[in-house]
Amino acid sequence: MRDMIYTHNLTKSYQDFQAVDHVSLRVKKGEIYGFLGLNGAGKTTTIRMLLGMIQSTSGSCFINGQRVSAGNYHTWKQVGYMVETPYSYPELTVRENLELTCRLHRVQANSAVGRVIEQLKLTKYEHRKAKHLSMGNAQRLGIARALLHEPQVLLLDEPTNGLDPAGIVEIRELLQELASTKGTTIFISSHILGEISKIATKIGIIHNGSLIQELRKEELEKQRIVKLLINTRNIKESLKILSNKGYAVSENEIGLLEIQSNEAVTYPEELARILVRADHPPTMLYVDEEDLESYFLRIIGRKGGRVL
Amino acid sequence: MNQMLNIIATEFFKSRKSKVIWITFIAFTLLPIMGGFFMFVLKNPAVAEKWGLLGAKAQLAGSADWPSYFGLLAQGIAIGGLLVFGFITSWIFGREYTDRTVKDLLALPFPRIYIPIAKFITTFIWSLLLAVWVIGVGFFVGGIIGLPQWSSTVWEHGLFVLVVTSVLTIILSTPVALFACYGRGYLAPIGFVIMTMILSQIVATVGYGSYFPWAIPALFSNVSGEGNLLKATSVIIIFVTSLIGLISTLSYWRFADHNG
């Protein structure tokens with residue numbers, strides 16, 4: 001499958017500040033790429049370079065095989081985007097804002113506007129002026145604008161910002177449907193890790209301008225730390241007992257026993273049995289699966305310096 | 001061509017839906033009305049005094065006739081137009097930054113400079129319509145007052161001066177667009193307009209007005225009382241200034257980093 005988005009050593013420097021540092025990534029057709037990073041990590045700068053809004057200091061980027069540059073406007077026919085918080089013309093209604101975008105894209109307004117209004121559940125608000133929309137509905141309008149011309153590539157910067165939980169699920173399902181049924185390639189930047197883990201098929205982690213890790217969703221599952229935490233009345237003695245049984249056990253910083261072995265995590269009841277027989281029954285037995293947030297912080301903490 | 005017409009249509013739609021353009025129309029309408037009021041008072045000082053329109057100690061100079069009224073309107077357009085046409089330009093370009101909608105105009109399936117070109121065309125047409133409106137209201141008000149010395153020579157000359165003054169003032173608005181884009185909003189361009197108004201007064205006072213672009217329309221409108229002066233060099237200076245504003249704004253859109 002060909003790369004719909006491809007960057008090679010993409011770099012942006014501002015005097016002595018490196019906003020984006022040699023970022024190389026690939027997104028294939030139909031993939032949902034989650035671009036994770038803290039605020040100021042370089043996510044939006046990368047998206048702006050992908051859209052030709054700012055020129056890279058060095059490196060290059062391609063969308064659908066075409067090199068991105070401010071002059072190569074043909075690229076944008078197949079690209080829908082939303083950069084940072086979406087803003088609309090405040091004195092125009094939702095429908096008028098969408099019709100305006102249709103004219104700029106030379107899309108038949110009647111069918112396209114009706115379709116996205118329905119897709120984004122904006123029917124109730126279509127005649128409401130944009131300045132009177134809630135933050136969530138303004139966000140929906142921004143996404144609707146990006147979808148109007150049915151683009152093959154979608155670049156969305158923090159698309160679920162301001163949405164309520166139901167809205168987040170709706171947008172997630174909509175994007176997943178676009179990727180699976182229409183083969184739309186979706187590039188989403190976010191700092192909401194839980195959201196990215198639910199939607200992305202591939203994840204890139206950017207920190208201090210550098211892409212420090214790029215992995216598929218399945219690989220992420222494998223790399224997340226899963227450990228068994230045990231508490232007993234006598235931690236020192238319990239540690240000795242489990243060590244004698246061959247388990248690589250340690251006491252963590254909050255005084256619990258911690259075991260990362262696959263066997264212990266899969267069969268925690270076996271350890272419970274050992275401790276009960278030794279007259280040190282566990283008061284707590286907990287399988288702790290590292291969530292994406294912890295994984296992310298561990299990765300950037302290790303590779304990007306101290307974060308917390 | 002169709003694409004350009006489409007973009008111009010969107011610009012007009014945005015302007016038409018906004019109150020700002022209509023407010024400038026109302027504000028600039030004050031010019032012929034105030035001019036007409038002044039002419040009325042000059043023409044009928046006794047009536048004006050009786051109606052309380054004229055203070056007891058008021059000292060009025062000038063004559064109440066069509067040539068004077070045309071002159072007054074032309075001077076108003078040359079000086080007030082700098083502000084009003086500059087404001088329209090500031091708004092049409094600066095609003096995209098203030099409303100933060102500019103980012104949605106940067107990656108579209110046509111050359112990026114089409115947007116500022118369409119904005120310049122829209123600005124020019126709105127400004128021209130405004131000038132035509134002011135001149136039209138001027139003719140109407142002058143007619144109502146019943147100013148003397150109406151003749152085809154007088155109105156043809158008056159109209160010529162008004163139109164040329166308007167066009168010269170309007171085309172001087174292009175650098176304002178650059179300030180709106182570079183300054184990302186209204187503040188910088190409005191500041192620039194006010195600065196050009198002040199400087200044009202100073203430069204004209206020291207006798208170099210015909211070389212300072214923003215003083216030239218006022219000199220042509222006979223603000224100095226020396227006739228409708230317009231040297232070839234002045235015309236060239238205005239066109240070069242306008243061209244610099246135009247090209248630098250288009251270049252900004254095409255080549256600058258758009259971070260906001």
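The following exercises, each with a worked solution, concern a predicted model.

**Exercise 1.** Determine in which order the six strands of the open sheet in chain A are arranged, and which strands form its edges.

*Solution.* 
Step 1. Strands of a sheet pair through backbone hydrogen bonds, in either a parallel or an antiparallel sense.
Step 2. Reading across the open sheet of chain A gives the order β6-β7-β8-β3-β9-β10, with mixed pairing.
Step 3. An edge strand pairs on one side only; this applies to β6 (79–82) and β10 (210–216) of chain A.
Step 4. On average, neighbouring strands of this sheet are turned by 15° against each other, direction ignored.

**Exercise 2.** Describe how strands β7 and β8 of chain A pair, and identify the bridge partner of D157(A) in β8(A).

*Solution.* 
Step 1. Strand β7 of chain A covers residues 153–157, and strand β8 of chain A covers residues 185–190.
Step 2. Five bridges join these two strands, in the parallel sense.
Step 3. The bridge partner of D157(A) in β8(A) is S189(A).

**Exercise 3.** Explain what the salt bridge between K202(A) and E214(A) ties together, and decide whether each residue is buried or partly exposed.

*Solution.* 
Step 1. The side chains of K202(A) and E214(A) meet at 3.9 Å, N to O; a salt bridge requires these atoms to lie within 4 Å.
Step 2. Because K202(A) lies in strand β9 and E214(A) in strand β10 of chain A, the pair ties together parts that are 12 residues apart in sequence.
Step 3. Buried means under 20% relative accessible area, so K202(A), at 14%, counts as buried.
Step 4. E214(A), at 32%, counts as partly exposed.

**Exercise 4.** Locate the residues E96(B) and K119(B), and name the network to which they belong.

*Solution.* 
Step 1. E96(B) forms a salt bridge with K119(B), with the closest N and O atoms 2.8 Å apart.
Step 2. E96(B) lies in helix α4 (residues 66–98) and K119(B) in helix α5 (residues 114–145) of chain B, 23 residues apart.
Step 3. Both E96(B) and K119(B) are buried.
Step 4. A network of salt bridges links E11(B), K14(B), E96(B) and K119(B).

Note on methods
Residues numbered from 1 in each chain as written. Chains lettered and ligands numbered in written order. Predicted model: local features only at pLDDT ≥ 70, side-chain atom pairs only at ≥ 80, totals over all residues. Heavy atoms only, no water. Pairing = 2+ DSSP bridges. Helix = DSSP H or I, 4+ residues; strand = E, 2+ residues; numbered from the N terminus. Axes fitted to C-alpha atoms, helices over the stretch in contact; angles between N-to-C directions. Buried < 20%, exposed > 50% of the residue type's maximum accessible area, 1.4 Å probe, protein only.
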